[in-house]
Amino acid sequence: SFLNMIPVFGKLYDHVDVWINFGLIDKVPTFDQVIQDWDGKMSTDPKNEKFTGFEAGFNLYSNDGTMASKLNLYSTTWSDRIQTKQVFNQETEDDEIIYLTGISQSHTGVEVELSGQMHPMVRMDIALGLGNWVFTDDASGTYRDDNSDVSYGYALKDLKVGDMPQTTFAFGSTITPLDGFTLLVMYRHYLNHTSDWSPSSREYSDEANADRLPSWETPAYGVLDIHGTYSLPIEFGPVKPQVFFHVFNALDAVYIQDATDNSNYN
C-alpha cells in the first residue's frame, strides 16, 4: 500500500477500520408528543415516525499509537415526525398545545476527530462537525382548546432546523505533568446556530401569506473549560481517594444558547 510511505504515521494500512451503517426505523411517538400533561388531552390518530439513516467512515491509527483520526459521514431523513409546541392563549390566559404532524427533515454532515500524543506529558485533540439540517416540507398542526380543534399549515420547507448549532469546533489539550495529576483544557466554538421557529409567525391558513423568511441566527460563541484531577498517593484498602476541580466558562463568555424566532416572551 502507498500509505506506508507517509511519514510519521507509519504503516497505516495495518491500522485502518472502514465501517458502514444503514437503518430503517419505524418509531412509536412518545407520551409527551401526543398527550397534554396537565389535562390528559390527546392528539387524534398519531402516526409512527419514520427514519432512514446512512453512515460511513473510517478510523485511522499510526503504527506507534501516537496518532489517531476518525471520519464520519452521515445522512438521515425523517418523515411523519410528530412534535408539540406550547403556546399561550391570551383570551383564556392558559397554556395550550399545538400537535404538529407530517414534519420532514434532512440531516447531512461530516464529523472529523484528530488526536496526537505530542509528548509523553501532552496530548492534543481536535474535533470538527459540519452539518446541514433542514426541513424538507411544510407541516400541519392542530390547535386544541376547550371548544374546538383548528388546523393550520406551518411554513417550514427549506427552513434550517433550529435550537442547535450545525457547525462545531473543539480543541483540547491534556497535560500530565505529575504522576496521577491530569489537567484538561477544552475550548468549544459554535457557529451556524439558528433559533427555534415560532408557531405564531409560521402558521398560515392561506399559503400565499406564509412567512418564508429564515429564522434569526444567533451570534457565534466559544467556551473555555478547565478540568483537573489528582489521585492522592494514599489508599484506604480498596478505596483510592481522588480530588478534582472544574472551571466552566473560564473566560466568562456571554452568549445565547437558546432562542425562539419572533418570540413574544413577556
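A residue is counted as buried when its relative accessible area is under 20%. In the predicted model described here, Tyr190 has a relative accessibility of 17% and therefore falls in the buried class. Tyr221, at 9% relative accessibility, is likewise buried. Tyr255 reaches 30% and is therefore classed as partly exposed.

These three tyrosines are linked by ring pairs into a cluster. In the model as a whole, the aromatic pairs number 5. For Tyr190 and Tyr221, the ring centres are separated by 5.2 Å and the planes meet at 40 degrees, so this pair is classed as tilted. Tyr190 belongs to strand β9, which spans residues 181-194, whereas Tyr221 belongs to strand β11, spanning residues 221-231; the pair therefore ties together parts of the chain that are 31 residues apart in sequence.

Ser198 is located in the loop between β9 and α2 (199-202). With a relative accessible area of 7%, Ser198 is buried. The side chain of Ser198 forms a polar contact of 2.9 Å with the side chain of Ser200. When residues up to four places away in sequence are set aside, Ser198 touches Thr260, Asp261 and Asn262.

At the level of the whole chain, the secondary structure consists of 2 helices and 12 strands. Their order along the sequence is β-α-β-β-β-β-β-β-β-β-α-β-β-β. The chain has 266 residues, of which 32% are buried. Of the contacts between residues at least 6 apart in sequence, 64% join residues at least 24 apart.

Methods: Residues numbered from 1 in each chain as written. Predicted model: local features only at pLDDT ≥ 70, side-chain atom pairs only at ≥ 80, totals over all residues. Heavy atoms only, no water. Phe/Tyr/Trp six-rings, centres within 6.5 Å; stacked < 30°, edge-to-face > 60°. Helix = DSSP H or I, 4+ residues; strand = E, 2+ residues; numbered from the N terminus. Buried < 20%, exposed > 50% of the residue type's maximum accessible area, 1.4 Å probe, protein only. Polar contact = N/O pair within 3.5 Å; in protein donor to acceptor, adjacent residues only side chain to side chain. Contact = heavy atoms within 4.5 Å.
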